[in-house]
Amino acid sequence: MLVLGIETSCDETGIAIFDTERGLLSHALHSQILLHSEYGGVVPELASRDHIRRVLPLIKQALHSADCHLHQLNAIAYTQGPGLAGALLVGASIGAGLSFALNIPALGIHHLEGHLLSPLLSRPAPAFPFVALLVSGGHTQLMRVNAVGDYHLLGETVDDAAGEAFDKTAKLLGIDYPGGAALAKLAQQGRPGHFNFPRPMLNSGNLNFSFSGLKTAALTLINKQDITEQIRADIACAFQQAVVDVLTEKSLAALAQTGLKQLVVAGGVGANTELRNTLNHRAANQNATVFYPELEFCTDNGAMIAFAGAMRLQTTLHQNWQPARSFTVKARWDLERIEQSDD
């Protein structure tokens with residue numbers, strides 16, 4: 001079964017072809033970082049227009065790389081939400097149009113479900129059930145994953161997500177957008193322990209997160225310092241360590257609470273080297289195993305959408321998928337309410 005995946009939720013246009021027998025055949029990605037860097041953040045209208053320019057050429061590229069043709073496709077999977085409404089509409093309209101023209105099913109996929117299932121593309125892959133730490137740009141959540149479509153929220157951020165806190169603190173340090181990865185690189189030059197940030201909600205008694213206070217703490221510290229390159233690196237190091245400590249402790253607490261021994265980490269922040277090293281070490285001490293997607297699939301991509309679509313087609317959750325005759329997008333969409341559709 002060949003599934004075309006289309007991802008256009010924010011500032012990356014991702015296309016992929018997944019075969020349920022042969023695996024991932026191809027994927028193509030265009031990032032809008034240069035487009036938005038001039039403005040210091042994502043401009044929704046520009047994002048939508050760029051998706052329009054990129055999506056069809058990328059589909060052709062992915063089909064060519066997979067050595068297959070449109071008429072060989074068995075289904076289309078597109079990101080239905082959450083995300084920027086205009087950007088989502090680009091992928092949804094093209095996915096629905098292809099579905100109708102080719103007379104094949106169209107599946108609207110939850111963006112976070114794509115991230116959550118993406119480690120299953122790698123080998124070794126986790127087996128259900130497992131705990132998932134979702135740390136994409138705008139989301140920080142802990143989920144219990146029992147099966148495809150069976151997700152239970154254990155905890156989430158009450159304000160900024162970890163990725164947002166990274167980007168905002170990077171901006172305070174004078175790092176251009178998008179600053180999260182650059183801050184992590186700068187942190188490698190920092191002196192561990194030179195500064196110390198609070199660990200928000202570490203002893204809250206639940207699995208929720210809060211990261212907005214870290215940005216305020218960083219601003220306060222920066223205003224008190226005679227900023228040199230070394231001090232910038234020290235602040236980045238201290239900030240990163242605080243985020244990593246909180247994410248690690250909460251994730252391990254989620255494993256203890258559920259009694260599970262498998263942790264999946266997905267989303268852009270999941271590529272952070274310090275987070276991976278710390279989680280691997282601490283989890284091993286609890287006889288738990290941590291799984292990650294390949295680095296190229298940590299950020300938004302079409303492979304995770306194609307794979308999630310294929311997984312859903314193979315489950316018993318839906319048996320009557322039909323070619324699209326209409327489509328909707330969901331800029332806001334609770335992952336636990338994933339089975340509720342407006343289609």
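**Entry 1: S99**

I looked up S99 and found its place in helix α3, residues 85-102. Helices here are DSSP runs of H or I with at least four residues, strands are runs of E with at least two, and both are numbered from the N terminus. The model is a predicted one, in which local features need pLDDT of at least 70, side-chain atom pairs count only at pLDDT 80 or more, and totals for chains, interfaces and linings use all residues. Residues are numbered from 1 along each chain as its sequence is written, and side-chain values use heavy atoms, with hydrogens and water left out.

Is S99 buried or exposed? S99 has a relative accessible area of 0%, so I noted it as buried. Buried means under 20% relative accessible area, exposed means over 50%, and partly exposed is in between, with a 1.4 Å probe and protein chains only.

I then checked the polar side chain of S99: one of its polar atoms lies 2.5 Å from the backbone oxygen of I104. A polar contact is a pair of N or O atoms within 3.5 Å; within protein, one must be able to donate a hydrogen and the other to accept it, and residues adjacent in sequence count only if both atoms are side-chain atoms.

I listed the contacts of S99, leaving aside neighbours within four places in sequence: I76, I104, P105, A106, Q322, P323 and A324. Contact means heavy atoms within 4.5 Å.

**Entry 2: the sheet**

I traced an open sheet of five strands, in the order β3-β2-β1-β4-β5, with mixed pairing. Two strands pair if DSSP finds at least two bridges between them. Which strands stand at the edges? They are β3 (23-31) and β5 (106-110); each has a single partner strand, so one side of each is left without a neighbour in the sheet. Neighbouring strands of this sheet are turned by 20° against each other on average, direction ignored. Axes are lines fitted to C-alpha atoms, for helices over the stretch in contact, and angles run from 0 to 180 degrees between N-to-C directions.

I followed β1 (residues 2-7) to β4 (residues 75-81): the two pair in the parallel sense over four bridges. G5 has A77 as its bridge partner in β4. On to β5: β4 pairs with it in the parallel sense over five bridges, and T79 stands opposite I109 in β5.

I checked how covered β5 is, and five of its five residues are buried. A106, G108 and H110 are on one side, L107 and I109 on the other.

Helix α2 (residues 44-66) lies across β1, β2 (12-19) and β3, at about 25° to β2. Helix α10 (residues 302-314) lies across β1, β2, β3, β4 and β5, at about 135° to β1.

**Entry 3: aromatic rings**

I searched the whole structure for aromatic pairs and got five. Rings of Phe, Tyr and Trp (its six-membered ring) pair if their centres lie within 6.5 Å; planes under 30 degrees apart count as stacked, over 60 as edge-to-face and the rest as tilted.

For F166 and F239 the centres are 5.2 Å apart and the planes at 85°, so I noted an edge-to-face pair. F166 lies in helix α5 (residues 162-172) and F239 in helix α8 (residues 229-258), so the pair ties together parts 73 residues apart in sequence. F166 and F239 are both buried.

The rings of F197 and F239 have centres 6.3 Å apart and planes at 90°, so this pair is also edge-to-face. F197 is in the loop between α6 (180-187) and α7 (212-224), 42 residues from F239. F197 is buried as well. I recorded F166, F197 and F239 as one aromatic cluster.

Most residues other than glycine have a negative phi, and most peptide bonds are trans. I looked for exceptions.

A cis peptide bond joins F128 and P129, with omega about -5°; P129 lies in the loop between α4 (111-117) and β6 (130-136). Another cis peptide bond joins Y177 and P178, with omega about -10°, and P178 is in the loop between α5 and α6.

D67, in the loop between α2 and β4, has a positive phi near 55°. D67 counts as exposed at 68% relative accessibility. N103, in the loop between α3 and β5, has a positive phi near 60°. N103 counts as exposed at 58% relative accessibility.
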